[in-house]
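Q: Please take a close look at a single part of this model. Walk me through it step by step.

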Amino acid sequence: MDRPSDTSIPAKAESDGFTLVAIDADIFTQYAVAYSQGNERLLRILRTRFFRKEFKRAYRAWLRQHPLTNPKAVKLPFQLLQYKAAGLEEADRLSDNANRLLEEGREANQTSDDYVLATIFFAAVLFFGGLSTKFSTDRIAIGALGFGTLMFLAGLTRLATLPFH
C-alpha cells in the first residue's frame, strides 16, 4: 500500500477544497465590487491573475447566461456544474476509498472473530477430554467425552465455513 500523502486524508482534502471555494468567492466578490465601480483595470487584473482555471470555466459559462439581464440565469457561477473545486472532488474520492477500506477492515475483523470462535470450540474439546479422565463413574466420563465430541464437530463445521486465504 502506498504511503499516504498530506492530501490523502479526506478531511484535509475537503478543507483544502472549501478553502479554494472561499478564495474564489472572495475574489468574485471583489470582482463584483470593481464591476459596480467601473474599475476596468482591477477587473482585468482579477480576471487574468486571480481567477483560478476551475473558476474561469464556470465564470465564462455564467456570462453566457447573461446574468445581469436574464432573470432565469443562476445567481452565481459557483452554482454551475462547470465549477468544480478539485479539493472537494479529491475529498469525495478519498472518502469513498476510506469507506471501502473501512468495510474491508470490518470484514477482516469479522473473519478474525470467526476463527477465534472456532479455536474456542477446539479448546473446549481439550477441556472436556481432559475433564473426562477426572470422573470416577464411566457414565459422567462418557457424557463429558460426548459433549467434547459435539464441540469438535461444531468446531469442524465452523472451520469448514470460514474463508481460507
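A: Start with phenylalanine 28. Leaving aside neighbours within four places in sequence, phenylalanine 28 is in contact with Phe55, Tyr59, Trp62, Leu76, Pro77 and Phe78. This is a predicted model. Ring pairs also link Phe28 into a cluster with Tyr31, Phe51, Phe55, Tyr59, Trp62, Phe78 and Tyr83.

Next comes the core. The largest nonpolar core has 15 residues, and Phe28, Tyr31, Phe51, Phe55 and Tyr59 touch the most other members. Two or more residues each come from α1 (10–36), α2 (40–50) and α3 (53–64). With five residues, α3 gives the most to this core.

Now look along α3 itself. Its twelve residues reach 17 Å from first C-alpha to last, close to the 16 Å expected at 1.5 Å a residue. Buried in α3 are Glu54, Phe55, Ala58, Tyr59, Ala61 and Trp62. These residues cover an arc of only 165 degrees around the axis, so they sit on the same side of α3. An α-helix has 3.6 residues a turn, so residues three or four places apart point the same way.

What do the buried residues of α3 pack against? They pack against α1, α2 and α4 (86–132). The face turned away from the buried side of α3 carries the exposed residues Lys53 and Arg64.

Last, the end of the helix. Histidine 66 follows α3, and its phi is positive, near 55 degrees.

Technical notes: Residues are numbered from 1 along each chain as its sequence is written. This is a predicted model: local features need pLDDT of at least 70, side-chain atom pairs count only at pLDDT 80 or more; totals for chains, interfaces and linings use all residues. Side-chain values use heavy atoms; hydrogens and water are left out. Rings of Phe, Tyr and Trp (its six-membered ring) pair if their centres lie within 6.5 Å; planes under 30 degrees apart count as stacked, over 60 as edge-to-face and the rest as tilted. A nonpolar core is a set of buried Ala, Val, Leu, Ile, Met, Phe, Trp, Tyr and Cys residues joined through side-chain atoms within 4.5 Å. Buried means under 20% relative accessible area, exposed over 50%, partly exposed in between (1.4 Å probe, protein chains only). Helices (H or I, at least four residues) and strands (E, at least two) are DSSP runs, numbered from the N terminus. Contact means heavy atoms within 4.5 Å. The expected span of a helix is 1.5 Å times one less than its number of residues. The arc is that of the directions from the helix axis to the C-beta atoms.
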